[in-house]
Amino acid sequence: MPTIAYSSPFVPAEWIASHGFEPRRLRGPNAPIDGPIDSRVGLCPYMRSFINEAGTLCDLAGIVFTTTCDQMRRAADIVDNLPCFTMNVPATWQNASSQELYIAELKRLGVFLETAGAKRPTETELVRTMLKYDEQRKTLRAARGWNDSVSSDQTRLALVGGPISGHDAVLFKTIERYGGRIELDGSETGERTLAAPFNRRRLRDNPLLELADAYFGTIPDAFRRPNSELYRWLATEIGQRSIEGVILIRYLWCDLWHAEAGRIREWLDVPMLDLELNAEDPVARLETKVQAFLEALR
Amino acid sequence: MPPKQIALEEWDRLYDQLKATGLSEPSYGGKISRHLTDGDLRLTKLRFDNSIAALNLWNFLLTEEERLANARAEGKKLVGTMKDLGTVPVLAYSLPDLVAFYPDGAWWIPCVMELSAGLLGIADSLGIDESFCPVRAMLGAFVTEAHFPLPDLLTCSVGATCDDFSAIAQRLNGLGNPILWWEIPHRRKPAENERAVVLPGGMTAPGIQVDFVESELERIKKALESLAGQPLSDDMLRDGIARANAIRQRLSELRSLVFKAPVCPLPALELLIAEMLALHYCSDRDASLQVISDLLIETRARVDQGEGFLDAEAARIFWVNPVADLRVMNLVEDCGARICGTEHLFTHALDEIPTDVPPMRALAQMALADPMVGTAADRADRICSDITEFGAEALVLSRIPGASHCALEGGAIADIVAARLDLPVIEIEVAPLNDAYWPSLGTGLRALVETIRQRRGK
């Protein structure tokens, strides 16, 4: 099945799937790879790894970029051998017109998919696909409490920030090795960016509107203006899970999360560690910071 | 008086001579050197045009803080308009008793005050370090309240803007400054079956995007009306657009004269300052028009008399992006080059606002013509077109340190321009103060000038 690669959580997988394509949310390879984007000063390493990984997919029908960050928005300018779609995801959200723009962009994405060979889904097909994904997210959420036996010498941590590439996923093991336990994954690739459960009645009345509401209407993120909902979400989740420390993860040159570091630190009642990743260097260089942070928390 | 670039102390002597012969000055007049007492230390390292028109230009620029304070004292309301570079001020100045300014302008304070104001240190302390664009100085300016009065209303355009600015503005918001956010979507080309709208500057956008921006500007308009305590009618806005266009027309003529004249009639530094006046009129629309008109008269006279700077052999350079260090504009001329075309990220503030559509629609079209909200290819198209019109022989892409858009955009623009026009292109980075990098910056520019001269011989 032809694949559509994307990275942003604001791209609804079920919208792509309902068109008959395989949505593949790339998070970057486990090891750095060369591709259309070279390494240079000022270039987001996550964006680079995303595009270079997409370039390796042999069944790729297109890449969906979003405007949620400057570098991803501009990345579409420099990818010239692959079909690309740039989806406008408004930064503002307090007006109905922002959501209307998001819905218009979903429809435009649909046209792009059709141009790439997809067929437009019927409303029944869309609803069926949405329900399937909703169930999968429900399962994911339920799995959150499976391993609930926190030993008393484990420190309860929250991750907050941008995405974690495959290469940097070793961070989880590093944290565990030094006595930490991730109780809340608020990274871009974690539970923070799961779309909200669908309202079944609204889903049947107007599936596209419900899809927009579950994604655009609920996912809190640093890029949104204002981004007060991110802090509201963090306050709720950190409070409910008795978090003892927060690790902010951000990629080199990511202004959006970098700028939040100072504010989150001031706002939190618990200590915070600011970790800058670059998707290429070994995470081992960050081990000392993680170790020291966890020792200080005990 | 033959055109000449002179140092600050020479201007003082010239000023005394002019005063002795009955120089008539506007209310903001005086010696440029008096601004040293405000801490504007960079002035001692700049070379200035020796015309009275340039004297007024500098004094007008350097007295904005006083104008804002006076406006507040007179009971006028201040609107801090962030990021959109030229759109919201047209709305604000269409209402009586509103004065709009760009807090973004603080990005020049570290240069002008040679880091003595400590604004970057304050930004550092708030977690906004040197990995961000120098516009982070704005945060320090808000904290110290020493460089402009805190505005009564603060707006900020977001969406397809640079992450640096959006992130810094959000930090400002998090410090307790309310911001009215409005959205400018990423401009795209209309699809085949979509309604297309031609924007100022010649680009096109889908009608749906123009509709959206118009609705966003309606929100801004309502907020401004509420602040002003009166509605903004279409006639008032048409008048505001006409006045904005009057400034833009004169600037357009000035730019054309400067870029096309056989001998450069106005230094790059003064032209850069003049172009900046289009954004928010330096907080006085009528005075701004007068300053630009005087500069135009002076420049026209020089062109008519064949007077100017350098000579007709000077290398003709097109400059992309504003410089955080004003002194670099002097360096261009030191290296034997003149500026023949600029794209400082605000061509939409220089192109005339349409007058054949309803005024709010016209402003929406203008906002969407912002070079920052489109693709690098769009920017490159405009740059290529202007290079051809102004006869530039090379392109300088001046990177803004830390700016999220520069890393990708610069290379993309360079590739397109070099391929399409077969011109030499260089990229340089200009920090707020470059004294330590002066030799390397100069070497790069001199090498470009050499290249241009060699190409002429072939």
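Where in chain A is the place of Pro226(A)? In this predicted model, for which local features need pLDDT of at least 70, side-chain atom pairs count only at pLDDT 80 or more, and totals for chains, interfaces and linings use all residues, Pro226(A) is found in the loop between α8 (207-215) and α9 (228-240) of chain A. Residues are numbered from 1 along each chain as its sequence is written, chains are lettered from A and ligands numbered from 1 in the order in which they are written, and side-chain values use heavy atoms, with hydrogens and water left out. Helices (H or I, at least four residues) and strands (E, at least two) are DSSP runs, numbered from the N terminus. The peptide bond that leads from Arg225(A) to Pro226(A) is cis, with omega near -5°. In chain B, Leu115(B), placed in the loop between α5 (109-112) and α6 (119-125), has a positive phi of about 65° although it is not a glycine. Most residues other than glycine have a negative phi, and most peptide bonds are trans.

Chain A contains an open sheet of four strands in the order β2-β1-β3-β4, with parallel pairing, where two strands pair if DSSP finds at least two bridges between them. Its edge strands, each pairing on one side only, are β2 (22-25) and β4 (84-87) of chain A, and neighbouring strands of this sheet are turned by 25° against each other on average, direction ignored. Strands β1 (residues 3-6) and β3 (residues 60-66) of chain A are joined in the parallel sense over four bridges, and Thr3(A) has Leu60(A) in β3(A) as its bridge partner. Helix α2 (residues 45-54) of chain A lies across β1 and β3 of chain A and runs at about 165° to β3(A); axes here are lines fitted to C-alpha atoms, for helices over the stretch in contact, and angles run from 0 to 180 degrees between N-to-C directions.

Over all chains, the search of the whole structure finds 61 salt bridges, a salt bridge being a side-chain nitrogen of Lys or Arg within 4 Å of a carboxyl oxygen of Asp or Glu. In chain A, the side chains of Asp59(A) and Arg24(A) form a salt bridge with an N to O distance of 3.8 Å. Because Asp59(A) lies in the loop between α2 and β3 of chain A and Arg24(A) in strand β2 of chain A, the pair ties together parts that are 35 residues apart in sequence.

In chain B, four strands form an open sheet in the order β4-β3-β5-β6, and the pairing is parallel. The edge strands are β4 (98-101) and β6 (180-184) of chain B, each of which pairs on one side only. Strand β5 (residues 153-159) of chain B runs parallel to β6(B) and is joined to β6(B) by five bridges, with Gly159(B) standing opposite Ile184(B) in β6(B). Helix α3 (residues 64-73) of chain B packs on the sheet and touches β3 (77-82) and β4 of chain B, its direction making about 150° with that of β4(B).

The contact between the chains (heavy atoms within 4.5 Å) takes 43 residues from chain B and 40 residues from chain A. Chain B and chain A bury about 3,200 Å² between them, 54% of it on carbon and sulfur atoms; buried area is the accessible area (1.4 Å probe) that two parts lose on being put together, summed over both. Between chain B and chain A the count is two salt bridges, and Glu409(B) forms a salt bridge with Arg74(A), in which the closest N and O atoms are 2.9 Å apart. On the side of chain B that touches chain A, at least two residues each are supplied by β5, α8 (163-174), β6, α9 (207-228) and α16 (406-421) of chain B, and the largest share, eight residues, comes from α8(B).
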